[in-house]
Amino acid sequence: MAVVVAAGAATLCVFTLPPGVAGPIVGGMVFAAAAIVGGLRRTTPLCRSTLPAPTEPAAVSDSLPTSSEARLRLLESAVVHANDAVAILEAAAAESIGRRVVFVNDAFCQLTGYSREEIVGRSLHLLRGPESNPETLNKLRAAMDAGQPLRVELRNYRKDGRPVWVDLSAIPVTGSNGQITHWLMIQRDIDRRKAAERRARQTGLLLRAIIDAFPGPISAKDRDGRYLVMNQFQADLWGISPEHAVGRTDAELTMPELAAFTAQRDRHVLNNGQPTQYELTYPFRDPNGQPWLITKAPFWIPDGIDSEPAGPRGVVTVAHDISALKQTQQALRRSEERYRQLFNAIPHPVFVIDAVTRRIQSVNEAAVRKYGYSHEEFRERSMADILVPIEARSPSDSGTLGLPVATQRHRTRSGTEIEVEVSSFTFHLEGQAVQLALINDVTERRKAEAELKRSEELFRGIFENTSAGVSLTDAEGRFMSCNPAFAAMVGRSMEELLRLTPAAITHPDDYPGQLALMDEVLAGHRDRFTYPKRYIRPDGETVWVELSFAAIRNAAGQYEYGLGVSVNVTERRLLEEQLRQAQKMEAVGQMAGGVAHDFNNLLTAVLGNLSLVRLPDDDPNRPLLAAVEQAATRAADLTRKLLGYARRNQLVFAPVEPWDALNEVASLLRRTVDPRIQLVVQVAPNCPAVHADPTLLAQALMNLCLNSRDAMPQGGTLTLAAEPIELRADDPLPAGWDDLSPGTYVRFTVADTGEGMSEAVLTRIFEPFFTTKGIGKGTGLGLPMVHGIVKQHHGWITVHSRVGEGTRIDLHLPVVESTITPLETDLLTRTPLGPSDSNHGLRAAPTHTILLVDDESMIRDLGRAVLTRAGFQVLTAEDGQEAVELYAQHRDTIELVVLDVTMPRMSGRDAFRHIVEMNPHARILFSTGYTQDELEEVDSAVGLLSKPYRPQELLSAVRAALTITPQPAA
């Protein structure tokens with residue numbers, strides 16, 4: 001569009017604007033031209049060059065005054081008083097400050113807050129601020145530098161710093177030569193419009209957010225079916241963007257079948273002007289289709305707003321996802337069916353009863369099975385038909401239906417009466433009061449309850465009367481219950497125990513072990529354990545028990561209770577300790593016997609060879625030889641003690657009167673004990689004789705008396721007593737003495753008032769070589785020897801002693817009625833030598849052949865020498881095997897076999913059996929350092945030669961054996 005600005009007959013400038021820009025600002029340009037003309041008259045020219053006069057006047061088609069001056073004043077007034085802010089700038093920008101302002105109108109001053117004086121001559125840069133868009137400023141600068149007009153929206157700042165949005169038009173003004181002489185800036189305040197636009201945008205965004213937040217499709221279409229808006233949900237459902245849908249129809253966006261159906265529904269709404277609702281299955285997301293509830297409604301625009309005809313302008317569509325509703329409906333149908341099945345599947349009879357008439361409306365299958373009626377027959381009856389009349393019921397039956405649980409008796413179709421519990425409640429079904437009754441047949445349960453009650457009484461009786469202590473603890477370890485045996489065991493009342501925990505009655509040394517086991521129980525690693533422990537009674541006494549513990553857990557496996565069964569094993573542990581001591585003593589005895597056996601062999605050789613030595617009376621070596629013989633004799637005595645402890649002494653049993661035995665010991669003691677010690681002998685009247693070896697009995701009593709003497713260095717009373725006692729078959733055997741027989745025994749008592757012994761000493765008094773005496777004052781073999789002697793006599797020992805209260809030791813020996821075997825009286829006897837034997841033990845004898853068997857070469861050499869000197873022919877063998885072989889070779893000439901019992905390869909007993917098999921009449925003289933117990937199975941031997949022996953004893957035993965006619969072995 002060409003614009004001509006003229007004043008009077010002169011044309012000021014001609015410029016061309018785009019059609020879109022010229023319309024709004026052409027009037028301002030006219031006023032600006034007039035202002036420029038007026039300014040040229042009053043001030044310096046706006047253009048540097050002189051404008052040429054026009055060849056012909058410009059045609060102005062208006063009704064303004066024809067006078068140029070009048071027109072200029074009019075135009076100037078229009079510019080000055082215009083509502084738009086007008087500013088005229090220099091054509092060229094000054095260095096660093098931009099184009100200077102040469103004119104502003106009043107509206108400009110009002111808009112910016114600056115006065116003319118403050119703005120004229122300065123650049124409009126002073127209107128810029130932090131929110132002035134740099135891109136817009138750069139665009140404006142580029143247009144002005146290019147001499148191109150521009151219209152932009154810009155955020156300027158007033159003098160007071162407040163921002164203001166303006167619609168800015170920059171228009172170049174050219175001179176007659178076509179060069180730009182000035183720039184016209186017209187600014188219109190658009191702050192309110194911007195605020196309105198901002199509010200409109202916010203409202204639009206809010207509405208958009210609302211429809212996008214809706215969990216279902218929302219859309220609006222015009223009359224032609226083209227989308228005006230579509231929310232994000234529907235766009236996502238269809239796989240498009242909301243912007244893509246605008247201006248398009250369903251036929252362009254979705255499947256043809258769905259598009260046709262939707263268009264038909266839309267036309268229906270537009271034609272009727274009424275909303276509609278229907279269900280539709282979209283094939284989106286779910287291949288089987290997703291159910292939606294579609295609501296369509298018309299929308300109107302008030303008449304006169306646009307040129308559209310009256311009536312609905314379009315259709316709004318809203319869809320709700322009803323998948324959950326459909327699922328709920330299906331679940332409800334399934335639930336109804338499931339509950340119908342459950343009703344029939346309940347294992348107990350269930351009745352649905354009319355609460356008023358008491359007639360049966362429905363029953364489940366269990367009722368049909370239990371009562372024998374069909375469903376139709378039940379519906380023809382009431383509860384009175386199956387309920388046993390009150391007079392026929394038990395007094396305990398409540399018979400009232402409607403109570404939480406009512407006990408009744410019902411009659412089945414067969415006439416059988418059953419006891420039932422009825423649980424019922426009333427509710428309304430389709431406006432009718434009905435009662436639901438659950439029937440539980442308790443006939444068998446009542447029988448079981450009666451049996452359970454009887455069982456509980458039985459187990460309660462067992463719990464209360466069992467000898468074992470039974471206790472129950474809770475999860476915190478407190479006692480909850482216990483039986484009388486447990487209370488008596490720990491020495492407390494049941495009420496007192498219920499205030500305690502196991503820790504309060506357990507020995508402190510035993511509780512940590514029990515606590516560790518309980519930790520495993522609480523952690524679930526074990527459910528039971530057995531633990532030996534000690535309880536401490538209030539009087540300080542300790543009770544040993546064997547605790548068997550079992551955990552009781554709930555259904556979740558958590559520990560709730562602990563059941564403990566405590567068996568009092570105090571006596572058993574004492575017996576076990578005594579048994580261990582006896583076994584230890586037995587083991588030591590075995591060792592001692594073995595040592596004594598070997599020692600006897602050595603002593604036999606020593607004493608025998610000493611007997612063969614003949615020295616003149618004046619020989620200076622005779623005292624030395626006598627000392628050696630005395631030492632060997634003492635060694636033989638020590639060996640006898642070891643054998644006594646090992647119960648391998650050779651016994652000579654005889655009836656021994658207790659009075660004689662005690663008086664013999666007392667007579668010996670009176671010459672050796674301190675006069676300050678009073679000796680008392682007490683024997684019960686008619687005390688029977690005992691079956692014992694008199695020498696060993698006296699030796700045992702003397703050992704005890706000497707120990708009592710040593711325990712009373714300041715004097716005291718030593719009492720020797722004897723009295724009969726009875727050991728019955730039902731009496732408990734003393735610990736460690738298990739080879740006893742019921743019958744009459746004599747108790748020999750040695751009691752003193754000396755220092756007494758501690759518990760530690762009492763446990764070791766029968767150990768070999770254990771002594772409390774000083775060095776050189778005791779061998780530690782006295783009491784072990786006594787122990788061995790009593791054991792050989794098939795008796796037992798009891799010891800009572802306390803420190804400071806003296807000691808009492810009782811020896812119990814069987815009376816003379818005990819059986820005496822032939823070996824003990826005849827065969828196995830000692831053959832002590834008299835003086836004549838000593839002098840003539842080596843005299844000549846008829847020639848006989850003797851087979852001497854011993855595993856010790858020294859004994860064989862000694863025996864050969866002694867017997868050869870005495871005129872015997874001697875064959876020797878070092879073990880049983882060689883003896884059997886020699887006897888087989890010389891059986892016709894061998895008249896006597898001197899046979900050792902204990903030998904390698906083949907023992908003497910085995911060799912005896914082989915020899916007797918060859919010759920039942922063979923004479924065999926056994927030689928051993930052990931007791932006759934080893935030869936109990938040998939009943940055809942002709943004698944026993946005890947080791948150690950002297951040459952005279954060997955000769956006497958051989959001569960005596962040769963005079964005996966052997967009896968054939970049985």
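Two strands are said to pair if DSSP finds at least two bridges between them. With that in mind, this briefing looks at a predicted model of a protein chain whose secondary structure comes to 30 helices and 34 strands. Of the 970 residues of the chain, 42% count as buried, and among contacts between residues at least 6 apart in sequence, 56% join residues at least 24 apart.

- Five strands form an open sheet in the order β14-β13-β17-β16-β15, and their pairing is antiparallel; the edge strands, each of which pairs on one side only, are β14 (360-363) and β15 (406-411), and the twist from one strand to the next averages 35°.
- In general, the strands of a sheet pair through backbone hydrogen bonds, and they may do so in a parallel or an antiparallel way.
- Strand β13 (residues 350-354) is largely enclosed by the rest of the structure, because 5 of its 5 residues are buried.
- Both faces of β13 are covered, with Val 350, Val 352 and Asp 354 buried on one side and Phe 351 and Ile 353 buried on the other.
- On the way to β17, strand β13 pairs in the antiparallel sense over 5 bridges, and Phe 351 has Ala 437 of β17 as its bridge partner.
- Strand β13 is also joined to β14 by 3 bridges, again with the two strands running antiparallel, and here Ile 353 has Ile 360 of β14 as its bridge partner.
- The hairpin of β13 and β14 has 5 residues between the strands, and in this hairpin Arg 358 takes a positive phi near 65°.
- Strand β15 is joined by 6 bridges to β16 (residues 417-429), and these two strands run antiparallel; Ala 406 stands opposite Val 422 in β16.
- Helix α14 (residues 443-465) lies across β15, β16 and β17 (432-441), and this helix runs at about 125° to β16.

**The sheet that contains β22**

- Another open sheet of 5 strands has the order β19-β18-β22-β21-β20, with antiparallel pairing; its edge strands are β19 (479-482) and β20 (528-536), each pairing on one side only, while the twist averages 25° from one strand to the next.
- Strands β18 (residues 469-473) and β22 (residues 559-568) pair in the antiparallel sense over 5 bridges, and the bridge partner of Leu 472 in β22 is Leu 563.
- Helix α18 (residues 511-522) packs on this sheet, where it touches β20, β21 (542-553) and β22, and the direction of the helix makes about 145° with that of β20.

**Two helices in contact**

- The axes of helix α28 (residues 880-889) and helix α29 (residues 908-918) come within 9 Å and cross at roughly 15°, which makes α28 roughly parallel to α29, since angles under 35 degrees count as roughly parallel.
- The crossing of these two helices, α28 and α29, is right-handed.
- On the side of α28 the contact is made by Gly 880, Val 884, Tyr 887 and Ala 888, and on the side of α29 by Ala 911, His 914, Ile 915 and Met 918; these residues divide into 6 nonpolar, 2 polar and no charged.

**Single residues to look at**

- Most residues other than glycine have a negative phi.
- Asn 686, although it is not a glycine, has a positive phi of about 55°; this residue lies in the loop between β24 (677-683) and β25 (690-692), and Asn 686 is exposed, with a relative accessible area of 77%.
- His 794 is likewise not a glycine and has a positive phi of about 60°; its place is the loop between α24 (782-792) and β28 (796-801), and at 44% relative accessibility His 794 counts as partly exposed.
- Gln 234 is found in helix α7 (residues 232-238) and counts as buried because its relative accessibility is 4%, where buried means under 20%.
- If its neighbours within four places in sequence are left aside, Gln 234 is in contact with Pro 217, Ile 218, Ser 219 and Tyr 227.

Key:
Residues are numbered from 1 along each chain as its sequence is written. This is a predicted model: local features need pLDDT of at least 70, side-chain atom pairs count only at pLDDT 80 or more; totals for chains, interfaces and linings use all residues. Side-chain values use heavy atoms; hydrogens and water are left out. Helices (H or I, at least four residues) and strands (E, at least two) are DSSP runs, numbered from the N terminus. Axes are lines fitted to C-alpha atoms, for helices over the stretch in contact, and angles run from 0 to 180 degrees between N-to-C directions. Contact means heavy atoms within 4.5 Å. Angles under 35 degrees count as roughly parallel, over 145 as roughly antiparallel, 65 to 115 as roughly perpendicular and the rest as oblique. A crossing is left-handed if the near helix is turned anticlockwise from the far one by less than a right angle, and right-handed if clockwise. Ala, Val, Leu, Ile, Met, Phe, Trp, Tyr, Cys and Pro count as nonpolar, Asp, Glu, Lys and Arg as charged, and the others, Gly among them, as polar. Buried means under 20% relative accessible area, exposed over 50%, partly exposed in between (1.4 Å probe, protein chains only).
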